[in-house]
Amino acid sequence: MKSMHPRGTGRRAFSAAIAGLLASCLFAACGTNGTPASTTHPGGSTNASGEDPVRGGTLTIARSYDPQSLNPLTCACDNGSLQVMVEVFDTLVSYATPDASATPVPDLASSWTVSPDGRTYTFRLRAAMFSNGQPVTAQDVRYSLARASDPVSSYGGLYPISSIATPDPRTVVLKLKTPAPGLIYALGFPAASIVPEALVKNEGDAAFSQHPVGSGPFVMRSWLHGQELDLAPNPHYWQTGLPYLSAVRMLYVPNDNTRILNIRTGAVDIADEIPFSQVKSLEDEGIRVLVQPSSAIDTVILNNSFAPLGNLAVRRALAYATPVQAIAKSVFGGLAPVMNTVMPKLKYWNPAVRPYPYDLARAKQLLAQSPYPNGFAITLSIDGSDTPSLQTAQIIQASWAQIGVEVKIQEYDYGTVQSRWAAGQYESTLLVPDADTSDLPVDDEYAHGLFDNYAADRNLYSYYQNPAAQKLAVAGLTASNEAARRAAFDKLQEVTMAAAPSIPLVWAPFRAAVAGNVHGFSYVLVGWYPLQKVWLSH
Amino acid sequence: MSAFSSSYDTGRRSRSRSLTLRLSRSASAGERSIAVGLALLALVLLASAVGHFALPSPTALDLTSTLAAPSAHHLFGTDDLGRDVLSRTLAATWLDLGVAFGATYAGVLIGVLLGATAGYAGGWPERLIMRLTDLVIAFPFIVLVIAIIAVIGPGVEGVAIGLVAAGWAFYARFARAEMLSLREREFMQAARTLGLSHRRVILRHALPNIIRPSLTYSVSDMVLNILYIASLSYLGLGVQPPTPEWGAIISGGQQYLLSAWWISTLPGVVVVVVGVGLVLIGDGLADRFRVRRELVR
Amino acid sequence: MRGLLLRRALDAIPVLIGITLFSFALIHLAPGDPVLILLQGHATPANVAALRHQLGLDRSLPAQYWQFLRGAATFSFGESFEYRTAVGAIVAPRILVSLLLICYSLALAILIAVPLAFVAALGRNRPRDHAIRLATTVTFAMPSFWVGLMLALLLSLELGWLAPSGYGTTFSQHVQGLTLPAITLALSLSPLLIRVLRSSLIDTLGAEYVQALRARGLSEGRVLAKHVLRNSLTSAVTLLSLLFAVLLSGAVVIENVFAIPGMGSLLVSSVSARDFPVIQALTLLFGVAVVLGGLLADLVYAAIDPRVRL
């Protein structure tokens, strides 16, 4: 537990603290951190060009999430656990780049080929070992993917797979029911991590979730629940020379202000989830804050089975009556781009679609043409402990009131909001800004989940059905060439924006405060930060 | 005269003149305390009434002037949605004081009566009531509040009911503990031999003595309950937005503590002022109570 | 004495059953389905049914409660829904943390409260009495997250004496990590203790026997320490036992602000996720702690006041 005061006074015995307590300049910037002044790197990572990586050092990260279970096969896939799984396990491919071009990069698979009809994938495995010295074989891959693609597993991304074959210990052949260009990305998600079959069968899922063994760059050295998780380098990692770090400490610090204090005092090197309202004040103190695009969407989720919302004119009226620019500025500090589609901003984003301008007159006009010319009442359920939700809800309430739509805000605890949403017991709801994220850097997941999945979960509990949108989604999901895929997804975004099944707000970015001596640190689009190439200078 | 008799109300006349003087000085000090306390509360309530007319609306958003520092225009600055913080703080006065008062004293009433009965009766009734207090005290409050809110809907009523349901146990414990010492007192046994009913003994003779620690604690408890409502707002349970309520305002400003500090701090000052006022009233009453009892002939 | 302990042990059983049953009933009454929460965006009917079965939630409520009771008797509380591992492993480490925090805070609070209560009671209604009561009411009425953050700003950021948060792995790290939270808690607890103790002290000081003791020539210090304090402790002991019980689950905000892995934050997070096995285990623990605390308090009453018959 470091306590390095930036002015170098070190840590005195706290028993001497009783004497002479004079509070001075509590609110002024007297406590400036010793890191060199620098500005934000919007969209960039922390790579300093031309410097050679230094080996060794302990990276300390203060996180707002606590890992729960580290077994990819029983993945609840919460952010806390994902970040650790990414370091401990490997997948067949990975998304190593932070930009939205999202090219899959070989990981455990050294190469792969796709058959011309798009229905057979052949992966060649590299010579890699798990951290316990056992080699990674095709059997392990088959076991892992078979369990992950089981229809009853909670990770639905591998649904196109119909069979897995292992002709030899270094080759895995996947057969698909229909072509699925998105599958290669789904294979890079941590729920598709490769685990040692014998060990998992021996220990059982519960034990494995607390003592994971993978082939990734790090091993889990110790885990104190609710407190700290430590990583050490994997001696058998297949990328020789990596990782540069000799240890990683992930501290669970749930309070926003405390995380910020930790980075300001230099007790940690990185603090994640910096509140939107604090980014600027941290920068003003000379602390670098990374603001990077994410695959999250922040929308007002509408229950289309609630009578007024089933009507297209009503939904469009609400979209025109939502002051999205004002929300982006006041709630998100101007750091979040305004959405011009109802989907995440990923590889096939269509920049040509226009967002709804804020136009109360037009909204009233539309409402007048609908069965609800005088407005109606609607409830908006939110997680009361989340500040952006509270702020957004009140801004929307004030604005929709002007067209006669009376919003009653209902605050619940997180569990209740989630359950009510999943059970369809809501009229409209807001989720916390990074809850609604795509696990893949391509549009497949949301195209399928929002428009092609009614039978399974009412299109992500929205109760929205649109045959035209569904056709376009399926076309994109099964397209045999890139051009057709892009065309389908482009049109899908146009059509669904016009139909407004939800009210799009902003794409909330990731924000992390990073100390000046940390290099190579960056988020990837879908939410984690790979650590194998991160290094610390002195 | 037993060497161990205490200052409990035995109905006997006090003996020394200097004691009388000391007690009457104490009485006027008690009255002063009550007066100052009432003045502080009146100040806040008056400001609230004036503010209702003189200040901007507590729920009017103004997204062009969010997070404005305190100035002549906005004495407490504006919050993250541009609302005047002073106006919101004062508008919450009646709600917070009302809920805190109601929740606390309902608990006091139930608790002291049950506790006194328990301590007096002993045996089965005592065991039953004390084990019930164990249950109530051990029970995780947040589960109780979430369940109550599930039944009656979100809002501050659920929190208030929860506070009463959880709070009476404290007073029962206090009252019973005092009663344990008290029931051995000679005057109590004397009253029984005189043929007074149990009810009369408890209410008329025991209660005034055992209620003192409860009353003293109840005033702090009122302040605690206001703060409790605040920490429940922190978890997202309680008053529904945009209704102003001290706890919601203060915990809502938590994120801005290092930058727009006025959102949490200045309403906190108002809560402190109200807290001091309440405590002064409580202490003053306790002093007067004690004095009156001691002077009874 | 043995009879008392036996009676208490017997009484404890219905209390513990009562608490856990009540908690079981309430948490199931509340909306919020742990299966839906765990599955988040993947809650297809097939997944829901499978997970429900895996977690044992498709059995009847009485069957589920009965299984909990049976398991509790052998200290096995099942598997946490969130962590997918034994509940005991999740809950046990937190007990020590909370106990350390509470003892540290109460010790500091007593250290602050006893002298101040004496000074206030002895100088009743004089300026020092008013000053003490005013100062303590002010710290008492401030929200704990505010006080905590201000202390952290001062002692950690400005002066660099302590780390801003965290619990550490060695005992000395624990003590350092718990210092800021303990001071914060003590600042809000000691006003309560001071009020109650001061009130009792004033009652006792006015008693005739105290003057008698002085008249017999006992030194003031002896009178105060041995006789006055002892006879004024009843309400303070009651308060302390109540605070102990409340703080076990109630230090949530402090635990959150200072990243202390205590039972309060586990309770809140497991309620949030509707992690029934963990909630039940915690409720049982709180019940045991309260029963023990109440017994301890009663024993102290009997010790300090020989007239008390339990």
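Rings of Phe, Tyr and Trp, the last by its six-membered ring, count as a pair if their centres lie within 6.5 Å; planes under 30 degrees apart are called stacked, over 60 edge-to-face, and the rest tilted. On that basis, Phe510(A), Phe521(A), Tyr523(A) and Tyr529(A) form one aromatic cluster.

Some housekeeping. This is a predicted model, in which local features need pLDDT of at least 70 and side-chain atom pairs count only at pLDDT 80 or more, while totals for chains, interfaces and linings use all residues. Residues are numbered from 1 along each chain as its sequence is written, chains are lettered from A and ligands numbered from 1 in the order in which they are written, and side-chain values use heavy atoms, with hydrogens and water left out.

Back to the rings. Over all chains, the whole structure holds 25 aromatic pairs. In one of them, the ring centres of Trp349(A) and Trp507(A) are 6.1 Å apart with planes at 90°, so this pair is edge-to-face. Trp349(A) sits in the loop between α9 (324-330) and α10 (360-369) of chain A, and Trp507(A) in the loop between β17 (502-506) and β18 (510-514), so the pair ties together parts 158 residues apart in sequence. Helices here are DSSP runs of H or I with at least four residues, strands are runs of E with at least two, and both are numbered from the N terminus.

Are these two tryptophans buried or exposed? Trp349(A) is partly exposed at 25% relative accessible area, whereas Trp507(A) is buried at 5%. Buried means under 20%, exposed over 50%, and partly exposed in between, with a 1.4 Å probe and protein chains only.

Now chain C. It has 14 helices and 0 strands, and its C-alpha trace spans about 85 × 55 × 35 Å along the principal axes. Of its 310 residues, 60% are buried.

Take helix α1 (residues 2-29) and helix α14 (residues 276-304) of chain C: their axes come within 9 Å and cross at roughly 150°. That makes α1(C) roughly antiparallel to α14(C), a term for angles over 145 degrees, with under 35 roughly parallel, 65 to 115 roughly perpendicular and the rest oblique. Axes are lines fitted to C-alpha atoms, for helices over the stretch in contact, and angles run from 0 to 180 degrees between N-to-C directions.

Which residues of α1(C) meet α14(C)? Among them are Leu4(C), Val15(C) and Phe24(C), where contact means heavy atoms within 4.5 Å.
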